[in-house]
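Subject: Structure handover

Hi,

Here is the structure for you to look through. Please open it first, then read my notes below.

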Amino acid sequence: FPARQVAEYLSRPHQDTSEQYRRKDLVLATKVICKELMDLLNQDRSPLCNTRPQPILDPSIQRHLTHFSMITHGFGSPAIVASLTAIQNYLNESLKIMDKSYPPSSLGLNSHHIDSKPIHIDSKILLNHSLDKK
């Protein structure tokens, strides 16, 4: 998937500083939500062919994942994880472009007079993002 090219195409310069800040918050929050879903789907231990792996998820969710796996012939969860991986790559590339185009100081991160309401994100998310860049 051409994540970098798509991110470049969709990362049009935004005029308003608060809009730039909000967009970055949205991308960071989206990364967290996508990762949660990916982590859950990667723990799916649905039977496949003649294998019956030991379940690690709560039976209340594993039952539904197993049903989904059966009706998609085992391709459902891996296909969704592959799609989410492409989305995560796009989000990572978008953040790289934002970091290059709009360094934190130019986004007004240190000011308290941003007009739009920012999304409140746990500081661990921001820490993980800065660690991902290394």
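Does Lys 35 count as buried, partly exposed or exposed? At 45% relative accessibility, Lys 35 counts as partly exposed. Buried means under 20% relative accessible area, exposed means over 50%, and partly exposed lies in between (1.4 Å probe, protein chains only).

Some ground rules. This is a predicted model, so local features need pLDDT of at least 70, side-chain atom pairs count only at pLDDT 80 or more, and totals for chains, interfaces and linings use all residues. Residues are numbered from 1 along each chain as its sequence is written, and side-chain values use heavy atoms, with hydrogens and water left out.

Salt bridges

Side chains of opposite charge can pair when their charged atoms come close. The whole structure holds four salt bridges (a side-chain nitrogen of Lys or Arg within 4 Å of a carboxyl oxygen of Asp or Glu). Here are some of them.

- Lys 35 pairs with Asp 39 at 3.0 Å, N to O. Both lie in helix 2, four residues apart, about one turn of the helix. Asp 39 is partly exposed, at 33% relative accessibility.
- Arg 4 pairs with Glu 8 at 3.1 Å, N to O. They are four residues apart in helix 1, so about one helical turn separates them. Glu 8 is partly exposed, with a relative accessible area of 41%. Arg 4 is partly exposed, also with 41%.
- Lys 24 pairs with Asp 99 at 2.5 Å, N to O. This pair links distant parts of the chain: Lys 24 is in helix 2 and Asp 99 in helix 4, 75 residues apart. Both are buried.

Helices here are DSSP runs (H or I, at least four residues), numbered from the N terminus.

Helix packing

Two packed helices are described by the angle between their axes and the distance between the axes. Axes are lines fitted to C-alpha atoms over the stretch in contact, and angles run from 0 to 180 degrees between N-to-C directions.

Take helix 2 (residues 17-42) and helix 4. Their axes come within 9 Å and cross at roughly 155 degrees. The two are therefore roughly antiparallel (over 145 degrees).

Now helix 1 (residues 3-10) and helix 4 (residues 76-101). Their axes come within 8 Å and cross at roughly 50 degrees. Contact means heavy atoms within 4.5 Å. In helix 1, Arg 4 and Glu 8 are among the residues that meet helix 4.

Best wishes

Methods: Parallel < 35°, antiparallel > 145°, perpendicular 65-115°, else oblique.
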